[in-house]
Amino acid sequence: MINPKLSRYFEEYSDYHRHPINRLTHKIAIPLIVFHIIAMLNWIPLPFSIGPLSTVAHLVYVAVIAWYLSLNTRLAIIMAVAYWLCFPLAWITPWPVVVLVAVCGWMIQLAGHVVWEKRSPAFTTNLLQALIGPLYFAALFTGDWEAPAQSS
């Protein structure tokens, strides 16, 4: 069951993603963007270590998963695993490939909004929506959330 707070976030996110092609672009772009953000933040070492936490990516990971846990335990666990899998992949991916993934991910994402949705991304009005996007598509995938009717 989705709590009312998460439901409001998903409703707001849905409002910015009505066109089916825009939704499709996001299913491709969001994993690319999540990966590149984790990979790039993993390049930044912390000036101190807190156990296994040694890069900015580790701290951001913990904070994001903690926030997800406050919204929905089941989806947070799914996202924790998915995000964690980005770490070993990032370790073996050459930096030029990570940069190429970043460029491609953002171009696909923005094309969905410019060409099909004709509306700016949700995170331009509420920065938390950048974290809601991956959670939203996980909820669609698991059946925890049903998207409203699509427009064409």
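Author: Gladly; what follows takes the labels in turn, each with its definition. This is a predicted model, in which local features need pLDDT of at least 70 and side-chain atom pairs count only at pLDDT 80 or more, while totals for chains, interfaces and linings use all residues. Residues are numbered from 1 along each chain as its sequence is written, and side-chain values use heavy atoms, with hydrogens and water left out.

Reader: Why is threonine 55 called buried?

Author: Buried means under 20% relative accessible area, exposed means over 50%, and partly exposed is in between (1.4 Å probe, protein chains only). Threonine 55 has 8%, so it counts as buried. This residue belongs to strand β2.

Reader: Why is serine 70 called partly exposed, then?

Author: Its relative accessibility is 49%, so serine 70 counts as partly exposed. Serine 70 is in helix α3, where the buried residues include Tyr61, Trp67 and Tyr68.

Reader: What makes the link between threonine 55 and asparagine 42 a polar contact?

Author: A polar contact is a pair of N or O atoms within 3.5 Å; within protein, one must be able to donate a hydrogen and the other to accept it, and residues adjacent in sequence count only if both atoms are side-chain atoms. The side chains of threonine 55 and asparagine 42 make such a contact at 2.8 Å. Elsewhere, a polar side-chain atom of serine 70 lies 2.6 Å from the backbone oxygen of tryptophan 67.

Reader: How many aromatic pairs are there, and why is the one between tyrosine 61 and phenylalanine 87 called edge-to-face?

Author: The structure holds 12 aromatic pairs. Rings of Phe, Tyr and Trp (its six-membered ring) pair if their centres lie within 6.5 Å; planes under 30 degrees apart count as stacked, over 60 as edge-to-face and the rest as tilted. Tyrosine 61 and phenylalanine 87 have ring centres 5.8 Å apart and planes at 90 degrees, so they are edge-to-face. Tyrosine 61 is in helix α3 and phenylalanine 87 in helix α4, so this pair ties together parts 26 residues apart in sequence. Both residues, tyrosine 61 and phenylalanine 87, are buried. For tryptophan 67 and tyrosine 68, the centres are 6.0 Å apart and the planes at 40 degrees, so that pair is tilted.

Reader: What makes arginine 119 sit over the ring of tyrosine 16?

Author: A charge sits over a ring if NZ of Lys or CZ of Arg is within 6 Å of the ring centre and within 35 degrees of the ring normal. The charged end of arginine 119 sits over the ring of tyrosine 16, 3.7 Å from its centre.

Reader: Last one: why is lysine 118 called exposed?

Author: Its relative accessibility is 65%, so lysine 118 counts as exposed. Lysine 118 lies in the loop between α5 and α6.

Terms used
Helix = DSSP H or I, 4+ residues; strand = E, 2+ residues; numbered from the N terminus.
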